[in-house]
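Colleague: I would like a close look at a single part of this model. Please keep it brisk.

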Amino acid sequence: MEVQILRWFESLHNPITDPIMYAITSLGNAGIFWILLTILMLTVMPKKYRKVGFTMAIALILSLIFCNGIMKNLWQRPRAFWVEGQPFVVGDQFENLYGIFYGVHDYSFPSGHASASFAAALAILMWRKKEGIAATILAALIAFSRLYLTVHYPSDVLVGLVSGSLYGVIAYFIVKWIIKKFPRANAVFEQEKPWKSLFKSKKVEE
């Protein structure tokens with residue numbers, strides 16, 4: 001059933017959308033887009049985005065640990081384009097657009113792209129609705145691109161989407177707890193004071 005769904009996605013391939021989908025999926029490679037956005041929120045963007053960036057950082061770490069570190073190695077599901085569990089070779093099964101299969105060597109379940117993207121997007125959405133909606137749309141496009149390029153089964157993407165969203169929500173509550181529990185964190189992330197406030201001695205604060 002899932003292979004048939006991927007065949008349908010493969011039937012959508014055309015010279016116009018192929019490069020678009022490849023460019024979109026590239027944004028999710030190693031979570032690079034979300035990592036850069038996290039860094040920008042923590043350093044360059046207005047201070048009101050600091051706690052958003054902090055939440056994204058935690059969400060992405062959770063995704064890395066549970067999705068890439070635990071779940072993929074626990075299930076060890078072969079990719080759809082692998083043949084009998086062996087790496088892709090020319091001429092087998094699905095169309096290898098832009099040679100994307102050659103760069104994929106880890107297991108299939110769940111989708112790391114979907115997990116990281118929705119973890120970051122939900123982390124943003126929990127604090128900033130407008131920006132979060134835009135991020136969620138991008139995350140959905142990245143997840144869709146994984147199916148379009150036939151590098152994941154639909155269930156890989158679905159579980160990545162759900163689990164990634166969960167990481168984003170969990171990260172939000174972790175950051176809220178940290179801000180409430182630790183005055184220095186509150187000063188930096190809620191009161192938008194300089195980063196050096198995290199390192200001031202208790203004596204100086206008094």
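What volume does the largest pocket have?

Modeller: The largest pocket has a volume of about 460 Å³. The model is a predicted one: local features need pLDDT of at least 70, side-chain atom pairs count only at pLDDT 80 or more, and totals for chains, interfaces and linings use all residues. Residues are numbered from 1 along each chain as its sequence is written, and side-chain values use heavy atoms, with hydrogens and water left out.

A pocket here is an open set of points on a 1 Å grid over the protein atoms alone, where a 1.4 Å probe fits, with protein on both sides within 12 Å along at least five of seven lines. Lining residues have an atom within 4 Å of a point. The volume is the space filled by probe spheres set on the points, which are joined across faces, edges and corners.

The lining has 24 residues, and G28, N29, A30, G31 and H113 are the closest to the pocket centre. Helices α2, α4 and α5 each give two or more residues to the lining. Helices are DSSP runs (H or I, at least four residues), numbered from the N terminus. The top contributor is α4, with five residues. By type, the lining splits into 12 polar, eight nonpolar and four charged residues. Gly counts as polar in this scheme, and Pro as nonpolar.

Now the core. The largest nonpolar core has 54 residues, and W34, M41, V52, M56, F81 and I124 have the most contacts inside it. Such a core is a set of buried Ala, Val, Leu, Ile, Met, Phe, Trp, Tyr and Cys residues joined through side-chain atoms within 4.5 Å. Buried means under 20% relative accessible area, with a 1.4 Å probe and protein chains only. Elements giving two or more residues to this core include α2 (17-27), α4 (50-75) and α5 (112-125). Helix α5 gives the most, nine residues.

Of its 206 residues, 45% count as buried. Mean pLDDT, the predictor's confidence in each residue from 0 to 100, is 90 for the chain, and 92% of residues reach 70 or more. Where pLDDT is low, the predicted coordinates should not be read in detail.

Note on methods
Buried means under 20% relative accessible area, exposed over 50%, partly exposed in between (1.4 Å probe, protein chains only).
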